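Here are some notes to read beside the structure. Please keep the chain letters in view while going through the points.

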Amino acid sequence: MDIFLQQLANGLTIGSMFALVALGYTMVYGVMKLINFAHGDMVAASAFVGLTIYTQVMGQATSLFAVIAIFLLSAITMAVIGIILERVAYRPLREAPRLSAVVSALGASLVIQNGIMLIWGPRMRIFPELVPQVYWDLGGVVISLIQVIILVLSLVLMLALYLFVEKTRMGAAVRAASIDQDAARLMGINVNNIIALIFIIGSSLGAVGGLFIGLYYRGITFNMGWQYGLYAFIAAILGGIGNIPGAMLGGMLLGLFNAFIAGYVSSTWADAFTFILLILILIVRPTGILGERVAEKV
Amino acid sequence: MKELQKFPYPIFFAVMAVLPHLLNDRWQAVAITFLIFAVVALSQDIILGKSGMFNMGQALFFGMGAYTTAILNNEYGWSIVATIPLAILIPALFGILLAGPIVHLRGDYLLVVTIGFNIVFVQVLQNNLGGVTGGPNGIFGLDSLSIFGYDLMSQISVYYFAFIVLLLTLWVMHNLAGSKPGRALHYLREDQLAAESIGINTRVYKIFAFGLGAGIAGLAGTVFAVQYSAVSPEAFEFIQSVLFFSIVLVGGSSVPGILLGVFVMFVLPEIFREFATWRYFIFGFAMIAAMILRPRGIVPATFGKIPKFLIKGGSHGA
Amino acid sequence: MKFGKMMLALAAITLLAVPAFADSHGGTLKVGVQAPITGSYANEGQGIENGVQLLAEQINAKGGVMGKQIEVITCDDQGTAMAAAICAKDLVNKGVKMVIGSYTSTCAEAAQKTYYKAGVLQTSDGTADSLTEKGYWTFLRNSFPNSAEAEFVANYLVNVKKYQRIVVISDFSTYADGLANAAEAAIKKLGGNVVSRDKIKADSQNFTPVLTNIKSKNPDAIFFAGYYSDGGQLRNQQMALGIKADFYGGDANDNPDFVKLAGSAATGAFIVNVPSPDVLPYEIAKSFIADYQKKYGEMPPSIWGLMNIDGMRAIIHAMEQNKSFDTKAAADYLHNMKEPLEGITGQIAFAKDGNRKGGAYVVKKIQADGTYANEYVQ
């Protein structure tokens with residue numbers, strides 16, 4: 001039972017990181033019907049940006065204020081990069097064939113990934129120990145402070161996003177744009193602004209996810225974006241791509257699935273099982289858990 | 001545009017036929033790499049360009065052919081030539097089996113599923129399934145090609161082996177364009193609903209395209225195994241599939257476009273070694289720029305009409 | 001652009017490029033470096049290249065090897081087997097006489113057969129036993145094999161520290177898997193109790209599922225045979241899960257990044273290795289490391305790069321003794337050395353199978369400030 005609860009705690013921690021990143025995929029897909037392949041690399045980039053802010057701007061301070069500042073500054077930086085990405089790589093292709101945008105997204109992914117390598121080098125960089133290593137032993141299940149922070153902060157951010165999308169006028173505009181862009185435009189919604197907004201939100205949530213990866217695992221590499229990006233993308237599909245609560249649920253479920261497979265079956269087959277699950281879902285229920293059935297236009 | 005369509009095949013073939021005699025060892029190796037990847041990119045084109053299926057897992061079939069050759073040679077002592085039929089058939093069969101349940105999926109779902117196949121395949125190799133794949137290191141020190149007792153070890157013989165495979169691939173693709181399945185694929189890519197309504201069994205032809213593309217990629221895998229006398233999981237990672245996917249679309253799904261794409265992606269970095277670290281960074285920008293300036297690819301395909309999915313997508317997707 | 005013009009442009013580029021790549025038949029001795037210049041082990045690889053460059057400069061300044069200047073040709077194997085196989089072909093095609101590297105056993109092994117077929121000497125710090133089991137006369141190991149380390153570790157864990165419940169972990173690489181298997185066998189041979197033998201996927205970052213399972217086995221010692229990039233995270237996650245066992249990292253964990261990755265969790269972990277560069281007592285070591293620091297502004301990343309330098313020194317020494325650049329003769333000389341060569345990492349002499357003779361290990365404990373203290377010296 002201890003093992004089960006321990007794997008559960010670990011799975012939820014990883015799952016909430018997946019969920020944060022998955023939100024970026026699902027929101028962009030919802031409105032633009034585009035797989036933003038560059039999103040995973042944006043997440044990786046934010047960990048490096050955070051590292052540089054820590055060493056250059058914060059002077060390696062480890063106070064609570066410094067940590068909050070690193071989170072805010074990284075999120076702002078990534079939001080700006082996200083807007084630039086959309087303007088340069090995606091907006092000119094909005095009316096172009098679907099596959100052209102996919103290739104452009106892959107190109108953007110290569111640019112960001114290798115941009116990180118050129119700026120910060122190909123070596124693994126080490127993230128500072130900003131959160132003290134504090135552990136609590138709850139009857140055999142050990143929870144660390146960083147796990148609690150990741151879990152709580154992720155839930156708060158996701159709840160905030162949910163309320164924003166469901167309860168505000170701007171959120172309603174986002175929902176409208178994802179149902180039908182043309183109709184939304186006719187209703188007086190500036191779709192360009194909505195898309196920019198989505199990139200701001202998605203990139204800054206991704207930035208938080210990237211910093212969590214840095215804080216939790218410590219070692220960050222320029223090409224880690226693909227790994228986390230793919231997992232997060234699977235989480236988005238699992239929950240029903242385009243569906244915001246679905247991405248949160250999908251992320252959590254994927255984290256748990258991965259932890260239990262690795263714990264009870266085999267850690268070396270965890271990736272394979274995850275992708276087999278994905279393939280089965282797409283074959284059996286392509287719309288995911290919370291997704292609605294969308295007829296494909298022919 | 002007219003000139004673009006008249007790819008000077010005779011000149012190209014003549015140049016390629018004498019090329020290895022003009023190059024030293026190192027550049028022969030580069031030329032062989034070009035031929036191998038050109039074949040894989042063309043096989044990807046059968047599935048992606050000619051049939052309009054978003055396949056991003058072509059490295060799987062490529063790798064399956066390479067591993068078939070490597071395992072049969074290394075574990076069971078088959079000669080390289082004897083492995084060729086199975087190196088084509090096994091990937092082709094897998095192509096058919098994998099495609100069966102997924103060809104009906106919408107575009108980007110198909111894309112994600114094929115990425116998934118690729119990743120599962122690489123993990124199977126890394127985990128040394130059945131104890132024959134050599135785990136994460138792969139298999140090294142394969143025999144060289146030998147026919148009728150002649151040991152064809154030299155780079156030049158490998159080059160001609162690869163060149164023959166490329167010619168064979170071009171011949172298959174040429175025949176496909178005029179054949180019944182080729183025309184069927186063309187129609188269903190243009191308008192699947194219309195194709196179905198005139199009695200074309202789209203599912204059968206889509207699976208056929210997958211099998212054909214997989215078989216050719218498998219043959220390229222054999223050449224790869226011969227050239228490096230080694231196979232390793234990382235050579236068939238899905239990032240390789242991404243490159244082939246991009247080459248076909250940036251090239252415009254035409255033979256000259258694809259060959260140009262392979263040249264830019266795999267030969268230019270060898271010429272400009274000092275840019276090696278900048279390679280993907282520059283390619284990334286080039287991919288974005290190419291798609292913005294020429295959304296149908298650098299050298300668009302000219303068979304019949306331009307494929308519909310390359311012309312008109314609209315903001316809601318195809 | 002018209003396609004014809006495009007082809008013309010391509011032809012022009014190719015023509016322009018050709019002279020630059022024509023073979024230069026100078027009177028140089030070509031030395032290849034096959035090392036991970038990029039990738040996870042980049043700092044080790046760069047350390048090897050830096051060392052070789054430095055040694056080549058020093059030798060060239062003294063007039064070269066029998067009048068020939070050394071020309072260093074580096075190939076980046078990225079720490080991956082496939083790139084290593086390509087590097088091997090490339091370096092052989094460029095006409096090198098010897099290849100220094102690579103850092104990992106996997107890459108050394110992937111390239112071995114190509115060098116053997118071409119008669120090119122290869123000296124690597126790879127410690128996997130399989131490297132010297134193929135009988136290639138071209139391969140010279142400049143470090144000590146895994147089996148030696150495994151026996152040392154087993155003896156220390158079972159007989160010195162008397163652990164009752166030992167866990168052995170590795171990744172899938174040639175080196176790590178070989179070392180872990182050898183250690184497991186050696187521990188069992190001494191009557192020790194291995195409660196679990198686990199494998200992790202290198203670079204996968206999340207090791208908590210495996211560690212959680214290990215926790216339920218209640219071990220008192222963990223021996224990790226993989227590389228520092230995983231070892232540091234493994235140690236960190238071990239402490240985060242509250243597993244009290246003592247952590248022992250194999251030689252490839254001896255890297256400053258291990259401590260940085262594990263953070264404060266590094267304190268109290270043990271590293272098993274051959275002695276480190278800064279404690280090398282030999283005169284030649286002190287002067288070479290001083291020169292290295294002067295040229296590059298940092299210490300060599302680890303002793304492994306220095307072992308490779310010793311391998312290069314040994315081969316050049318053999319050629320000078322033979323007064324010939326013949327590689328077979330050099331190998332024969334090294335396999336039958338009467339007098340060992342004084343090296344940066346101690347005396348160098350090779351057994352008939354290409355293994356370096358000798359080998360001494362230390363156990364180091366990581367202190368709260370991240371420095372090492374010797375716990376046990378063989």
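**Notes on the predicted model**

1. Chains A and B touch: 40 residues of chain B are in contact with 38 residues of chain A. This is a predicted model. On the side of chain B that touches chain A, two or more residues come from each of α6 (107–126), α9 (192–197), α11 (238–251), α13 (279–293) and α14 (308–311) of chain B. Of these, α6(B) gives the most, with 10 residues. By residue type, this side of chain B divides into 26 nonpolar, 12 polar and 2 charged.

2. Chain C is divided into domain 1 (28–144 + 280–348) and domain 2 (147–273). Taken over C-alpha atoms, the centres of the two domains are separated by 29 Å. Their contact takes 13 residues from domain 1 of chain C and 14 residues from domain 2 of chain C. The domain 1 side of this contact has 3 nonpolar, 8 polar and 2 charged residues.

3. Chain C also has an open sheet of 7 strands with mixed pairing, in the order β7-β6-β8-β9-β10-β13-β14. Why is one side of β7 and of β14 of chain C left without a neighbour in the sheet? Both β7 (194–199) and β14 (372–377) stand at the edges and have a single partner strand each, so one side of each has no neighbour there. Neighbouring strands are turned by 25° against each other on average, direction ignored.

4. Within that sheet, β9 (residues 246–249) and β10 (residues 270–273) of chain C pair in the parallel sense over 2 bridges. C:Gly249 stands opposite C:Ile271 in β10(C).

5. Helix α6 (residues 174–189) of chain C lies across β6 (166–170), β7 and β8 (221–224) of chain C. The helix runs at about 160° to β6(C).

Methods:
Residues numbered from 1 in each chain as written. Chains lettered and ligands numbered in written order. Predicted model: local features only at pLDDT ≥ 70, side-chain atom pairs only at ≥ 80, totals over all residues. Domains from an automatic or database assignment. Contact = placed C-beta atoms within 7 Å. Nonpolar A, V, L, I, M, F, W, Y, C, P; charged D, E, K, R; others polar. Helix = DSSP H or I, 4+ residues; strand = E, 2+ residues; numbered from the N terminus. Pairing = 2+ DSSP bridges. Axes fitted to C-alpha atoms, helices over the stretch in contact; angles between N-to-C directions.
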